[in-house]
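I wrote down what I looked up, in the order I looked.

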Amino acid sequence: MQYLKTMHYVKAVKCLFRMNAGRKALLQVLRLVVHQEVKISTRTESPFNVMGKDVKEVVDAFNHTNCMTFYKSSAPFLTTVLNASLEKKNKKIYPIAKTLEMLSIIFYTAKPGCKLLQMINGVQMWLAGAKRELFTRFNQLGICQSIQSTRKSLDKLRNNFDQIVKKWQQSWTTLRLSAQHLLSRLH
C-alpha cells in the first residue's frame, strides 16, 4: 500500500507478484481487462470482420496502419502488451504485421467472422502450393483458414476478376459498332 501512495507502481506490482494471492488477483484483473477489450473490439466494426461484406472490397480496403490505429484505440491494453512482448533489448520496435497477426488470431478465436488475415494467409499458402497437412495444422493454430474455406475465398475473389475486362470489351464493341454505323452513313 505504501508503494501505491508514493506512486511507485512497479514496486507495488512486484510486491503483489511475490504473494500468491496477489499474483492470482492481478492475473484475474488482467484477464478481465483483455476479455473486455476483445469483447468491445469484436462488437464494433472490426477491420478483420468479413461477415456479410464483399470479400474483394474488404481485401482492397485493408490497410495495416489503419487497422493498427483502430486496435490501439479499441484494445489499448492488449496492443500495448503485444507490442511490449515484441520489443528487442531496449529497442522500441513494433512490427505492425506481427502484432496484427497475433491480434487476428485472438479475435478469430473470439469471433470467427473476424477472419480477414486468416483468409489472406490461406490464399497466400494456396498460391505457394502448400500441402493439405500444413493447412490443417495452421488452421488449428488460427493462422489460416481451412483448405475448403480458402477455396471458397478464392472463388469469391475470382468471381468479379474478369468483370473489368468484360466492361472494356463491351466499350470497345460499342465504339466499333458506332464507328461502323458512321462509316455506313458516309458511304
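Entry 1, the second pocket. I listed the lining of the second largest pocket: Ser46, Pro47, Asn49, Lys53, Val58, Ala61, Phe62, Asn63, Asn66, Cys67 and Leu116. The model is a predicted one, where local features need pLDDT of at least 70 and side-chain atom pairs count only at pLDDT 80 or more, while totals for chains, interfaces and linings use all residues. Residues are numbered from 1 along each chain as its sequence is written, and side-chain values use heavy atoms, with hydrogens and water left out.

I noted what a pocket is here: on a 1 Å grid over the protein atoms alone, an open set of points where a 1.4 Å probe fits, with protein on both sides within 12 Å along at least five of seven lines; a lining residue has an atom within 4 Å of a point. For the second largest pocket I read a volume of about 150 Å³. A volume is the space filled by probe spheres set on the points, which are joined across faces, edges and corners.

I then looked up the helices (DSSP runs of H or I, at least four residues, numbered from the N terminus). Helices α4 (55–61) and α5 (64–74) each supply at least two residues of this lining. By class I found six nonpolar, four polar and one charged residues in the lining of the second largest pocket. Ala, Val, Leu, Ile, Met, Phe, Trp, Tyr, Cys and Pro count as nonpolar, Asp, Glu, Lys and Arg as charged, and the others, Gly among them, as polar.

I counted 15 lining residues, and Lys115, Gln145, Ser149, Ser153 and Lys156 lie nearest the centre. Which helix gives the most to this lining? It is α10 (residues 147–159), with four residues. The lining of the largest pocket divides into five nonpolar, six polar and four charged residues.

I marked Asn159 as exposed because its relative accessibility is 56%, and exposed means over 50%, buried under 20%, and partly exposed in between (1.4 Å probe, protein chains only). The C-alpha atoms of Asn159 and Val50 are separated by 16 Å, although the two are 109 residues apart along the chain.

I found Val33 in helix α3. Val33 is partly exposed, because its relative accessible area is 31%.
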